[in-house]
Amino acid sequence: MAIIQNWLPPSRENWDFICTVWAYFPIITTAQWVLDWYPQGKTSTESRWNIDGKIGWATMESAGFITLLYIMYALPRELGIGELPWGNWTMAGCFVFHYLYRALLSPLYLNPSMSPMHPLVWLMAFLFQITNGISIGGYLAGYGPTTQHYWAARSEYMFVGLVIWCWGLLGNMFHDDDLREIRRAANRKQVREARESGKPIQSVDKVYMVPKNGLFKYVLHAHYLCEWVEWAGWWMIGGWAFHPGRNFLINEITTMLPRALQGKRWYEKKFGKEKLEGRKAVIPGLI
Ligand SMILES: NC(=O)c1ccc[n+]([C@@H]2O[C@H](COP(=O)([O-])OP(=O)(O)OC[C@H]3O[C@@H](n4cnc5c(N)ncnc54)[C@H](OP(=O)(O)O)[C@@H]3O)[C@@H](O)[C@H]2O)c1
């Protein structure tokens with residue numbers, strides 16, 4: 001049963017169209033190079049329209065994996081495919097696993113606090129997720145490889161890709177957690193002071209410090225870098241022909257790179273260049 005006839009799940013023609021349009025997404029991100037306005041996270045602004053950070057992240061980031069799972073369920077039935085091969089499910093599993101962490105576990109359980117976001121940021125991320133979910137979902141659910149033989153023939157590449165994906169994910173989680181620890185430590189300090197001097201405990205919202213562990217020694221957005229490694233490994237699992245994986249990686253880099261450079265400017269303004277000790281924005285020694 002289709003949710004939107006020919007779009008969810010997509011017909012072959014509509015899926016081709018979405019994949020073609022999606023490949024041009026980097027053009028939209030050029031706006032991020034010229035505008036400094038990005039009302040989310042460190043650079044969030046006060047607005048009566050703002051969405052709570054945790055709710056915003058959970059809802060916008062869930063859209064992609066839910067779309068993908070729905071297409072994995074519905075499209076094979078429409079195309080008369082009995083069972084998708086294990087390679088397709090491995091790739092879908094990696095994607096869903098990442099987003100269970102990113103969309104649910106991180107914002108709702110792990111992150112001590114998240115700044116509010118403007119609805120426009122939410123909408124852009126939501127549309128990113130839906131488009132990406134359709135692009136990847138269509139490929140994995142029937143318009144890409146549908147035989148066991150295809151995956152068996154490239155099992156070595158799959159293995160290497162999986163290892164890279166796994167290290168990238170672990171690196172992303174490690175550096176995310178290093179940022180969380182800054183606020184957890186601030187909270188512990190406040191609780192201690194409250195116990196000793198009776199001072200009321202204040203919120204740790206918007207408490208920032210320069211992160212120092214792991215790759216943060218070299219770059220201010222080590223979590224971004226690790227996420228790129230993760231999706232590069234994932235693309236490798238699927239192979240050159242897996243164009244939705246390539247588009248996803250390129251689209252992530254083109255939207256996160258200007259954000260990381262903006263983040264570096266924010267760190268310089270808040271803490272001063274000397275405190276950053278030559279750290280780059282996202283690629284050690286380069287950018
Ligand atoms: N931003 C993107 O376009 C994008 C795209 C795809 C994937 N991702 C992934 O999503 C995750 C989060 O991305 P993000 O852009 O929100 O990262 P971020 O700006 O670094 O924020 C991550 C979390 O850490 C807190 N935080 C950031 N810097 C801090 C510091 N110096 N001291 C203490 N706390 C700090 C933030 O709090 P506040 O919210 O209060 O600032 C937020 O809760 C990353 O792993 C990234 O790889 C991001």
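Okay, a definition to start: helices here are DSSP runs of H or I with at least four residues, strands are runs of E with at least two, and both are numbered from the N terminus. By that count, the protein chain has nine helices and zero strands. Read along the sequence, that gives the pattern α-α-α-α-α-α-α-α-α.

Before going on, this is a predicted model, so keep in mind that local features need pLDDT of at least 70, side-chain atom pairs count only at pLDDT 80 or more, and totals for chains, interfaces and linings use all residues. Residues are numbered from 1 along each chain as its sequence is written.

Now the overall shape. The C-alpha trace of the protein chain spans about 70 × 40 × 40 Å along its principal axes.

What about the inside? I call a residue buried if 20 or more other C-beta atoms, placed from the backbone, lie within 10 Å of its own, exposed if 12 or fewer do, and partly exposed in between. Buried residues make up 34% of the 287 residues in the protein chain.

Some of those form nonpolar cores, meaning sets of buried Ala, Val, Leu, Ile, Met, Phe, Trp, Tyr and Cys residues joined through C-beta atoms within 7 Å. Which residues touch the most other members of the largest core? Of its 37 residues, they are Leu68, Phe95 and Leu140. Several helices each supply at least two residues of this core, among them H3 (53-79), H4 (86-110) and H5 (119-143). There is also a second, separate core of 13 residues, including Leu215 and Tyr267.

Let's zoom in on Leu140. Leaving out residues up to four places away in sequence, Leu140 touches Met72, Asn88, Met91 and Ala92; contact means C-beta atoms, placed from the backbone, within 7 Å.

Helix H5 is worth a look too. The expected span of a helix is 1.5 Å times one less than its number of residues. For the 25 residues of H5 that should be 36 Å, and the end C-alpha atoms are 34 Å apart, which agrees. H5 also bends by about 25° at Gly137, the bend being the angle between axes fitted to the seven residues ending there and the seven starting there.

Over to Glu193, in helix H7. Is Glu193 buried or partly exposed? Glu193 has 14 C-beta neighbours inside 10 Å, so it counts as partly exposed. From Glu193 to Phe17 is 59 Å, C-alpha to C-alpha, and 176 residues in sequence.

Key:
Contact = placed C-beta atoms within 7 Å.
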